[in-house]
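Here is a short briefing to read alongside the sequence and the 3D view. Keep both open as you go through the topics below.

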Amino acid sequence: MVTTGSRVRHRLVALLTGVPVRLWPLAGLAVLVTVAAGVGLLPRWPGLVHLVALPPLDLYGDLRLLLTWAPSWPLFVLGLAASLTVRVSVLVLMLGGFSWSRVRLVLSFYLLVLPLLLFAAEATYAAAALLYSRLFWPALAVVAALAMLLAPVPWRRTERFRSALAGTVRGGFRAPAMLGYALVVAAIGALATVESAVAVWLVPVSALATAATVVVLRGPTPSRPQWRLAGVLAVLLFAATVFVATRPVEPGEPAQRRAGSILLMSGINSASGRGTMFSSRADVLGYDCDQTYYFSYAGPGDGQPRGRALCPIRTGAPYQPADTQQPLPEQVAAFAAQVRELPRPLVVMGHSHGAWVAWDAVARGLAPQVDVLVLVGPFPESPVGYPPPGRDGRGRVAGDLLRLLVPIADAVDFQFEPDAPAARELLAEANSVARLFDRPLPAGTRAVSVTSATDLPLMPDGWRLPVSRNVCPLRVAHPYLPDRPAFYREVNRFLDGRPALDCPPWRTWGRSFALPFGVPAAGRFD
């Protein structure tokens, strides 16, 4: 008589060692990754759970590690070859063992996705290096699309790549199973952001989710797959519609006339009259044009082209994007000179790079005239770095590729030179920005930080700064922060001495779900 326990054991043995799929190679890989991370051979970062994820997400994890770590091109090529060897071997073993047809199927699969994954991994690295979230989100979209559409391909019951690809399309890309897996992986990744040790112990959990999905994908295709695909697309469309529809904020009442003056500072790659900060409504904050001044990265002067500025620009010298990338001490000196004679109480509103310049000047005691700092879209750290051109060091390959991709950024009007003095001081050396904020502001200087929710995945150690108030991250893209009703509302509350608005917990959930898809910070390798 066969007992229930023996039947369970028989099915478990068949699941782990036999047809239709073998799971013991995945289990072995999970053990290796867990042990390697536990002893420090792998960085303990939330993306660790993707190293045992469903292909091709597993290869994306490898590429992010290699780009961030590889100190030279030969080591990167060697690491990539080792990665492909391991990934191909594990997948072939899971499909039944080594045969030329299986190797050809799996190798074709990985070689198909490799160029796109490498581009996405480099864009993810560049986003962290340049602190530019507009690179991160498209890269994440590419990875998500590849995973959702192609992950079912190897698990079709055929060893011909074209047949497997065609069968995946006919099967509606197994959309319900893939959506379920995506939600589980996102939840596991979010838990991994809690603590580095937690990320290590979640590796087996991630492997278990992968195994369960593999069993489903290897099984028969459910009936009416196209209808199921349409249902998943309808759900995603509804979720996107709700997200967009709930984002706008109604404009608040303009503030009453305030005393003193306000200085508006645009960020990197701006120019006189060009940049969102020039469109910022100082009148909504309580300042008329006679009280409104604009900072120039070229230093003091008699005025600049007005461009899109709300008010005439009566001070400062005309400047170009190249002026925003000069050495930081020169920018700090230009700031100190331009605030020296401004009426007090003086409010300084610095956007992005401008926030760093203003903080450094005020914290060093070079601008005692500043009474209030409004940091608009500040980044509290520079999580990764890159060595100078032609020099080996951690991030060498990613840095070289970054320089090749910079011309592409010109197409979207982002003119940035990664080896300009300011970039080398603040971005090329990991954690240099964090050291800048280690210097406190003088007693009596109030400061508020207004962060964009879209920037949070580039802040692995958190988004709060040592300021009087950290506003709940706003659902506004980084470039548009200084000119949105939600921004004016929060800044007015701070200037009026009123408490900040409540911060719903879900406002920062996007960071928890997206952070595992980023690159490991430099400190994770130490």
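A pocket here is an open set of grid points with protein on both sides within 12 Å along at least five of seven lines, and its lining residues have an atom within 4 Å of a point. Please keep in mind that this is a predicted model. With that said, the largest pocket has a volume of about 1,800 Å³, and its lining is made up of 49 residues. The model also holds one cavity of 30 Å³ or more, and the salt bridges come to 15.

**The largest pocket**

- If you want to find the middle of the pocket, look for Trp137, Leu140, Leu236, Ala239 and Phe513, the lining residues that lie nearest its centre.
- Helix H6 (133-150), helix H8 (175-192), helix H11 (225-245) and helix H19 (509-514) are the elements that give two or more residues to this lining.
- By residue class, the pocket lining has 41 nonpolar, four polar and four charged members.

- The largest cavity holds about 100 Å³ of space.
- Its lining consists of 14 residues, and Ala53, Pro55, Asp58, Val90 and Met94 are the closest to its centre.
- H2 and H4 each supply at least two residues of that lining, with H4 giving the largest share, four residues.
- Sorted by class, the cavity lining has eleven nonpolar, one polar and two charged residues.
- Pro55, one of the residues closest to the cavity centre, is joined to Pro56 by a cis peptide bond with omega near 10°.
- Pro56 sits in the loop between H2 and H3.

- As background, side chains of opposite charge can pair when their charged atoms come close.
- Arg87 and Asp62 form a salt bridge through their side chains, with an N to O distance of 2.8 Å.
- This pair links distant parts of the chain, with Arg87 in helix H4 (residues 73-94) and Asp62 in helix H3 (residues 57-69), 25 residues apart.
- Arg87 and Asp62 are both buried.
- A salt bridge also joins Asp496 to Arg258, where the closest N and O atoms are 2.8 Å apart.
- Here the partners are 238 residues apart: Asp496 is in the loop between helix H18 (485-495) and H19, while Arg258 is in the loop between H11 and strand E1 (261-265).
- Asp496 counts as partly exposed because its relative accessibility is 40%, whereas Arg258 is buried, at 15% relative accessible area.

**A salt-bridge network**

- Asp392, Arg396, Asp400, Arg403, Asp419 and Arg424 are linked in a network of salt bridges.
- Within this group, Asp400 forms a salt bridge with Arg403, and their closest N and O atoms are 3.4 Å apart.
- Asp400 and Arg403 are three residues apart in helix H15 (residues 396-410), so about one helical turn separates them.

**Surface patch**

- Val31, Val35, Val39 and Leu41 make a nonpolar surface patch of about 420 Å².
- Val31 can be found in helix H2 (residues 24-38).

**Backbone points to check in the viewer**

- The peptide bond from Arg344 to Pro345 is cis, with omega near 0°.
- Pro345 lies in the loop between helix H13 (328-339) and strand E3 (346-351).
- Phe173 is not a glycine, yet its phi is positive, at about 60°.
- You will find Phe173 in the loop between helix H7 (161-170) and H8.
- Asn431, which is not a glycine either, has a positive phi of about 75°.
- Asn431 belongs to the loop between helix H16 (421-426) and helix H17 (432-437).
- With a relative accessible area of 30%, Asn431 is partly exposed.

Note on methods: Residues are numbered from 1 along each chain as its sequence is written. This is a predicted model: local features need pLDDT of at least 70, side-chain atom pairs count only at pLDDT 80 or more; totals for chains, interfaces and linings use all residues. Side-chain values use heavy atoms; hydrogens and water are left out. On a 1 Å grid over the protein atoms alone, a cavity is a set of points where a 1.4 Å probe fits but cannot get out, and a pocket is an open set with protein on both sides within 12 Å along at least five of seven lines; lining residues have an atom within 4 Å of a point. Grid points are joined across faces, edges and corners, and a volume is the space filled by probe spheres set on the points. Ala, Val, Leu, Ile, Met, Phe, Trp, Tyr, Cys and Pro count as nonpolar, Asp, Glu, Lys and Arg as charged, and the others, Gly among them, as polar. A salt bridge is a side-chain nitrogen of Lys or Arg within 4 Å of a carboxyl oxygen of Asp or Glu. Buried means under 20% relative accessible area, exposed over 50%, partly exposed in between (1.4 Å probe, protein chains only). Patches are made of residues with over 30% relative accessible area and no salt bridge: like charges are joined within 9 Å, nonpolar side chains (Val, Leu, Ile, Met, Phe, Trp, Tyr) within 5 Å. Accessible areas come from the Shrake-Rupley method with a 1.4 Å probe; for residues, only the protein chains shown count as cover.
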